[in-house]
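Good morning, colleagues. I would ask you to keep the sequence and the structure in view while I go through selected local features.

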Amino acid sequence: MYPKYFLTLFCLFFLSNATAQNPHFSYLDVFDLQYVSDPQISPDGVHIVYRRMGFDVMKDAAVGNLWMVRTDGTQHQKMTDREVSEFSPRWSPDGKRLAFVSSTEEGAEIYMYWTASGKIAKITQLPFSPGSICWSPKGEELAFTMKVARSAPVLAKMPKKPKGAKWADAPRITDRLYHEADGRGYLKPGFQHIFTVPAIGGAPRQISSGDYNHNGPLSWSADAKKIYFSGNRSTEWEYDFRNSEIYEVTVGAGSIKALTDRNGPDTAPLVSPNGKHIAYIGFEDKVQAYQTRKLQVMNVDGSNKKTVSNTLDRSISNVVWDAKSTGMYFVYDDKGNSKIGHISLSGKVRTLAGDLGGTSIGRPYAGGSFSVAKNGHIAYTRTRPDHPSELALLKAKAERPQMLTDLNKALLDYRTMGEVKEVWYTSSVDQRDIQAWVVFPPNYDATKKYPFLVENHGGPILNYGDRFSAEMQLYAAAGYIVFYPNPRGSTGYGEEFGNLLYNNYPGEDYNDVMDGVDHCIAKGWAQEDQLFVTGGSAGGIMTAWMIGKNDRFEAAVVAKPVMNWISKTLVADNYFGYANSRYPGQPWENFEGYWKFSPLSLVGNIETPAMVLVGMNDLRTPPSEAKQLYHALKLRKIPTVLVEIPGASHGIANRPSNLITKIAHTLAWFETYGGATLAP
């Protein structure tokens with residue numbers, strides 16, 4: 001007890017001194033950041049429960065507890081006195097109870113909180129973690145999803161080992177198409193099923209059946225006799241992985257009926273408050289790199305299907321019906337900013353709020369969530385480049401939100417952050433407008449010259465935006481002008497823009513990035529002899545492609561890249577998902593095409609000193625891909641170094657210390673070749 005106690009005091013003393021002495025954002029500040037996640041406003045619009053996230057410096061992990069605040073900003077307090085992980089809060093229909101999930105060393109269970117008394121109780125005892133919690137209309141039951149285990153295939157019967165013998169572990173055997181996942185590792189055999197449990201506790205009852213996955217989110221019928229879900233129960237479901245349908249399952253008999261039947265993903269069914277309609281998200285699969293998710297509506301019996309959001313060329317997510325069943329609230333990304341909108345059943349769209357997000361601390365990706373009370377008040381996670389997500393409340397008919405939290409005030413009020421500026425420039429390929437952001441060093445002086453760092457986003461069909469990013473701020477604090485663009489293929493600019501990468505990746509997105517570099521040189525922000533470049537995942541692919549196409553950069557850090565599409569496609573955890581949506585055919589059917597877009601095909605051109613960085617447990621862009629680049633550069637005697645991070649999956653930044661490791665090594669490599677650095 002005492003050594004840990006004194007170590008904690010030492011860490012707090014060290015961090016508090018760092019806060020007092022350092023005016024710029026620094027490595028250890030990452031551990032002090034907090035952010036809001038999953039805000040749930042009560043049906044009467046009086047209370048908001050949210051998950052307050054932070055980072056445990058001792059455990060080197062993100063941790064989260066539930067907090068509650070009134071919508072007038074008063075009574076802001078921790079919901080329970082438990083110091084364990086709490087998440088997925090969901091209000092009962094009458095707002096008198098709150099179901100949530102909490103995980104301890106014994107596993108994850110469903111708990112109940114009574115608002116009048118403040119008491120809590122564990123109401124389940126489950127073998128696996130519950131998900132997609134959903135209240136029945138009268139608050140009598142909860143539906144949820146949970147894995148049901150199956151036995152692994154047995155191919156051979158082994159002889160019984162002698163008593164006390166230490167033989168090797170039994171082999172791991174699978175016959176499934178999808179058998180491993182990055183960040184989760186080997187997927188133990190089993191299927192996701194739907195269960196119900198009384199809201200007062202009791203034995204859970206399995207509702208769905210069969211060797212299929214039955215996925216959330218879930219939604220009850222108005223009479224509580226049916227539950228709607230998304231899944232694929234076709235005989236070829238493993239190989240028909242892009243397809244899913246909306247199903248209903250009867251709570252009593254467990255009979256299942258499909259309500260949709262088109263080729264493409266139909267997901268997230270949600271019954272309207274009047275019980276007449278089901279909203280869901282999906283599209284007719286055209287088999288291309290990117291397709292916008294459309295909002296669909298049908299009658300509860302599956303009839304009269306129609307697409308509501310045809311006039312909006314953006315992907316829709318997080319749908320919530322309004323109280324009168326006349327339309328729906330939803331989230332969409334527009335030009336690098338995440339917004340909350342409302343759409344009527346006739347397709348009329350209104351934008352209600354922007355700046356949703358801030359739950360991705362490392363880099364400025366989209367994210368965030370919201371909920372709506374019966375009176376139309378909206379609670380959501382709001383971010384700006386100078387702060388992670390905070391709790392915002394947009395009252396019905398109000399034009400501006402009010403902020404209910406300021407979790408990082410004690411830290412960020414004493415930090416000079418880098419200014420983030422939005423820029424637009426023209427692509428030399430086809431004169432498209434390209435959006436990007438520039439982060440200037442704290443106390444930027446336009447009369448001075450600074451090293452210029454290009455940071456390419458992953459995906460590639462994702463987007464960066466005007467959101468908080470610890471990584472960008474740390475690079476700026478080190479003295480770099482940081483440039484992060486959304487080249488063609490990025491989301492938030494329409495289906496045609498995102499689909500420009502089909503059978504063309506990397507392609508002219510390279511030109512879009514380099515046009516941005518030239519734009520910044522013309523603006524005087526960048527100099528030709530002080531250019532640096534980095535990026536992870538698809539950003540690592542682009543970085544390797546860029547230094548294979550030109551030698552304008554002083555140094556590069558290629559993080560978790562794909563170097564060879566032929567090898568990567570058949571060893572990654574999502575190996576089955578590339579053919580035809582990224583490139584035509586399988587690798588053995590289109591060898592030349594896959595090789596054409598492999599950065600390894602350009603490795604003979606590389607003259608730029610390049611660090612190669614990867615997580616040792618990465619199943620998405622496996623370490624073998626990074627090693628191909630490192631080994632090729634070593635054989636060519638190009639300055640290079642391989643940095644392998646133990647225990648890290650593709651999401652290197654999931655552990656704060658690994659995020660710091662990545663940034664510190666990137667800056668150290670750049671400093672070696674004339675760049676700036678950030679003192680720890």
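Let me begin with a question: is Val 571 buried, exposed or partly exposed? Val 571 counts as partly exposed, at 43% relative accessibility; here buried means under 20% relative accessible area, exposed over 50%, and partly exposed in between, with a 1.4 Å probe and protein chains only.

Before I continue, a word on conventions. This is a predicted model, in which local features need pLDDT of at least 70 and side-chain atom pairs count only at pLDDT 80 or more, while totals for chains, interfaces and linings use all residues. Residues are numbered from 1 along each chain as its sequence is written, and side-chain values use heavy atoms, with hydrogens and water left out.

Val 571 is located in the loop between H7 and H8; helices (H or I, at least four residues) and strands (E, at least two) are DSSP runs, numbered from the N terminus. Together with Leu 570 and Trp 588, Val 571 makes a nonpolar surface patch of about 330 Å². Such patches are made of residues with over 30% relative accessible area and no salt bridge, like charges being joined within 9 Å and nonpolar side chains (Val, Leu, Ile, Met, Phe, Trp, Tyr) within 5 Å. The areas come from the Shrake-Rupley method with a 1.4 Å probe, and for residues only the protein chains shown count as cover.

The loop between H7 and H8 also holds Ala 579, which is buried with a relative accessible area of 8%. From Ala 579 to Gly 336 the C-alpha distance is 28 Å, and the two are 243 residues apart in sequence.

I turn to the aromatic residues. How many aromatic pairs does the structure hold? The number is 28, where rings of Phe, Tyr and Trp (its six-membered ring) pair if their centres lie within 6.5 Å, with planes under 30 degrees apart counted as stacked, over 60 as edge-to-face and the rest as tilted. One of the pairs is Phe 241 with Phe 576, edge-to-face, at 4.9 Å centre to centre and 70° between the planes. Phe 241 lies in the loop between strand S16 (226-231) and strand S17 (245-250), and Phe 576 in the loop between helix H7 (565-569) and helix H8 (591-596), so this pair ties together parts that are 335 residues apart in sequence. Phe 241 is partly exposed at 31%, whereas Phe 576 is buried at 18%. Ring pairs also link Tyr 505, Trp 565, Tyr 578, Tyr 583, Tyr 594 and Phe 597 into a cluster.

Pro 506 is in the loop between helix H4 (495-498) and helix H5 (509-522). A cis peptide bond also joins Gly 459 and Pro 460, with omega about 0°.

Next, charges. A salt bridge is a side-chain nitrogen of Lys or Arg within 4 Å of a carboxyl oxygen of Asp or Glu, and by this rule the count comes to 27. Arg 488 forms one with Asp 512, with the closest N and O atoms 2.7 Å apart. Arg 488 lies in the loop between strand S34 (481-486) and H4, and Asp 512 in helix H5, so the pair ties together parts 24 residues apart in sequence. Arg 488 is buried at 4%, and Asp 512 is buried at 0%.

Arg 82 has two partners to consider. Its side chain meets that of Glu 86 in a salt bridge of 3.0 Å, N to O, and its charged end sits over the ring of Tyr 111, 4.5 Å from the centre. For the latter, NZ of Lys or CZ of Arg must be within 6 Å of the ring centre and within 35 degrees of the ring normal. Arg 82 is buried at 14%, and Glu 86 is buried at 0%.

Finally, helix H6. Its twelve residues, 538-549, should span 16 Å, and its end C-alpha atoms are 16 Å apart, which agrees; the expected span is 1.5 Å times one less than the number of residues. Eleven of the twelve residues are buried, among them Trp 545 and Met 546. Ser 537, in the loop between strand S35 (531-536) and H6, has a positive phi near 65° although Ser 537 is a residue other than glycine. Ser 537 is buried, at 14% relative accessibility.
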